[in-house]
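Reader: I'd like to learn how to read a few features in a model like this one. Can we go through them together?

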Amino acid sequence: MRMIFVLFAAVTVISAGVTAFSRNIVHSAFALLGAFAGVAGIYVLLAADFVAMVQIFVYIGGILVLTIFAVMLTQGLTGVNVSNRAVGRIPALATTLIAGAVMLCAILKTPWYAAGARSIAPTTYGIGNAFLGAYVLPFELASIVLLAALIGAIVISRQESRE
Amino acid sequence: MEAWLNRLMMRGVFGAHPIPVLVYASGIAIACALVLFAIALPFASIVTWVERRVWARIQSRIGPNRVGPNGFLQWLADGLKHICKEDIIPAEADPRLFKLAPYLVVLAFILPWAVMPFSSSLILADLNVGILYMTAVTALTVVGVLMAGWASNNKWSLIGGVRSAAQVVSYEIPAGLSIFPVVLMTGTLSMQGITRAQGWSPDRWFLFASPFCFAAAIILFVASLAENNRTPFDLPEAESELVAGFATEYSSMRYLFFFMAEWGNMFVSAAIIVTLYLGGWRFPHVSPSPIAMNLLEFATFNIKVLIIVFVSMWIRGTLPRVRIDQMMSLCWKYFVPIAFVNLIGTAVWVAIWPAGNPFAAWSMLAVGVLLAAFFVRRVVHFARRSRMELYFHPTI
C-alpha cells in the first residue's frame, strides 16, 4: 500500500515539476495529465471511489482539455518551438521562498493523523445524502456561483464577437 | 498469481533482494493490462472487418473476402502488415508527444472494458461507480487526439485535433445528462445494478420506461456518434478538407492504434447504450445450468451491441458530413436543453411512479414498434428495386 502510494505521489509530483519547469508551454499543459491522474490514484487509495472518478471526469475530461485548448488558441501557435515566458530569477526565488515558508509552517503546525485501513465501501449514497441534507446550502451556493460564472463567460465572449 | 510471483522471486528473477510489494503491484498491473487487451482487441478488430464488409455492400462493392472464411481474418493480416511497416516520425514534430499520443488514445479505449457487463458473471470489476468510470476514462481520448494534432506540427493535424476537442467536450454534456435519467430510476451507478433493474422483455427496458427515457436514449446515441468522430460528425478527420485530420502524419502501427481505438470505441459506446437503455444481457431463465445461462446472456449482449454498431455503420454509409456550426448548434441549442428537460422530467416521473408505469411502458413500446414497422416497410420497398443478390447475400 505504501509503495503504491509512493508511486502515485511520484507520478503527481514529477508531472507537476514538468508543468512548472518545462520551457514549452504546451508540454506544461500536457504534463498536468499526469498530475491529475496521480491525484485520482491517491483518491482511489483513500477508498474515495466517487471522488476519484469525478477527478478524472472533471479535471482530465474537462479542465485539462480546456486548458490545452486555451493555450493553443491564445498563442496562435502552429509550431512546436514555443517557450514559457519567465519574469526573471530573483522575483521567482523570492516568491518561491515566501510560498515555501508558508507551506512548511502549515505542514509543521497541522496535527496529522493517519486514516485507518478502510475497506472499499460505496461512498455515493453518503455523498448524495450529505449534499442534499446537511450541506444543501453550501451545495446550492456553489451551484449559483458556477451559474454566474457560466453566464459571465457567455456575456464576455458575446461582447468580443460583436466588436 | 501471488504464489507464482513468489516462486519467481525465490529463483532470483527480479534480482537478489527484490521489494515484494513492487513486484506484486507491477505483476498485477501487467496481468490486468494483458487481460484487458486480450478481451478488447478481438472485439475492436472484428468490428473493423464487419464495418468494411457492411460499407462495401452499401457502396455496391464486395469488400475484403480473401483472408480466411469471408475475409474474417483480414484484421490479423492488417495488423501484421502495419507492424512490419516503417514507423515514420516527421523531423519537425515533437517526438515525445508524437510517440505518446497513440498510447493515450488506446488507453482510453482499453480502460472501459474493465466494467463491461457481458453477462451476469462475465465482468472484470463490477465497480460501484461503473457508469461514471466508463464515461470518465473515455474522455482521455480527446487528450490523446489533441496531443497527436499538436505534436505532428502540421496545420491539418492541428485543426483536426482542435475540432475534435471542441466536438467531444461539447457532446459530453448531452451524453452525460442522458445517462442520469437511468441513474435516477435505478439509484445505482453500477453496470450490473443498472442491468438487473431492467427485464429481458422490451417493455421493461429503460428505453420504453417513459417518453423522457426514449428521448434521452436517442440523444445518447447521436452524442456517442459525435464523441467517436463518426459520420455525420467526422469533422476531425474530414478527408476532403484535412487529409486525415489529427492522424495525417502517423504511419504504421501508430496510425492503426488510432483507428483500432475508433472502432473499439464504437463497441464501447454501443455497450453503454445497451446496458443503460436496452436491457443489457438480460435473458429469460431457460436453463438451470449457470454456464449455459451465461453463454446465452453473453450472446444477447453482443447481438444487441452489434445491432447498434451496425446502425452506426449504416449511418456512416448513408449520411453526408454536417458543417461545424450546424454540429455546434445541434448540440448547444437542441440537445443540451432537451437533455435537461429529460432529466427534470424523469425526476418528476420517478417521484410520481417510483416503481415505473406499466401503461406508459406498453404505450411507448407500441410507438417504438410502429416506428420500426414503418421503417422496415420503407426498407422493403426500396429493397425490392435493388439487386438482392448483391446487397443481401452475406457470403460473396
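**Salt bridges, rings and a helix**

Author: Let's start with a charged pair: B:Glu51 and B:Arg316 form a salt bridge, with their closest N and O atoms 3.6 Å apart. Keep in mind throughout that this is a predicted model.

Reader: What is the general idea behind such a pair, and which parts of the chain does this one link?

Author: Side chains of opposite charge can pair when their charged atoms come close. Here the pair links distant parts of the chain, B:Glu51 being in helix α2 (residues 20-58) of chain B and B:Arg316 in helix α12 of chain B, 265 residues apart.

Reader: Is B:Glu51 buried or exposed? And B:Arg316, buried or exposed?

Author: The cut-off for buried is under 20% relative accessible area. B:Glu51 has 0%, so it counts as buried, and B:Arg316 is buried as well, at 14%. The two also belong to a salt-bridge network together with B:Glu262.

Reader: How many salt bridges are there over all chains?

Author: The count is 5. One of them joins B:Asp87 and B:Arg254, at 2.9 Å from N to O. B:Asp87 sits in the loop between α3 and α4 (95-110) of chain B while B:Arg254 is in helix α11 of chain B, so this pair ties together parts 167 residues apart in sequence. B:Asp87 is partly exposed, with a relative accessible area of 32%, whereas B:Arg254 is buried at 12%.

Author: Another salt bridge brings together the side chains of B:Asp78 and B:Arg52, 2.7 Å from N to O. That pair links helix α3 (residues 74-84) of chain B, which holds B:Asp78, to helix α2 of chain B, which holds B:Arg52, and the two residues are 26 apart. With 32% relative accessibility, B:Arg52 counts as partly exposed.

Reader: How many salt bridges run between chain B and chain A?

Author: The count there is 0. Even so, 33 residues of chain B are in contact with 30 residues of chain A. The two chains bury about 2,800 Å² between them, and 81% of it is on carbon and sulfur atoms.

Reader: OK, on to aromatics. Why is the pair of B:Phe109 and B:Trp113 called edge-to-face?

Author: A pair of aromatic rings is described by the distance of the centres and the angle of the planes. Over all chains, the count comes to 25 aromatic pairs. For B:Phe109 and B:Trp113, the centres are 6.3 Å apart and the planes stand at 90°, so the pair is edge-to-face. B:Trp113 also pairs with B:Phe118, this time tilted, at 6.3 Å centre to centre and 35° between the planes. Ring pairs build a cluster whose members include B:Phe43, B:Phe267 and B:Phe298 along with these.

Reader: Where does B:Phe109 stand in the largest nonpolar core?

Author: That core has 120 residues, and B:Phe109 is among those that touch the most other members, as are B:Trp113 and B:Met116. The largest share of the core, 16 residues, comes from α11(B). B:Phe109 is buried, at 0% relative accessible area. Among the residues it touches are B:Ala40, B:Leu41 and B:Gly264.

Definitions and conventions: Residues numbered from 1 in each chain as written. Chains lettered and ligands numbered in written order. Predicted model: local features only at pLDDT ≥ 70, side-chain atom pairs only at ≥ 80, totals over all residues. Heavy atoms only, no water. Core = buried A, V, L, I, M, F, W, Y, C linked by side-chain atoms within 4.5 Å. Buried < 20%, exposed > 50% of the residue type's maximum accessible area, 1.4 Å probe, protein only. Helix = DSSP H or I, 4+ residues; strand = E, 2+ residues; numbered from the N terminus. Contact = heavy atoms within 4.5 Å. Phe/Tyr/Trp six-rings, centres within 6.5 Å; stacked < 30°, edge-to-face > 60°. Buried area = accessible area lost by both parts, 1.4 Å probe. Salt bridge = Lys/Arg side-chain N within 4 Å of Asp/Glu carboxyl O. Lists of a residue's contacts leave out its neighbours within four places in sequence.
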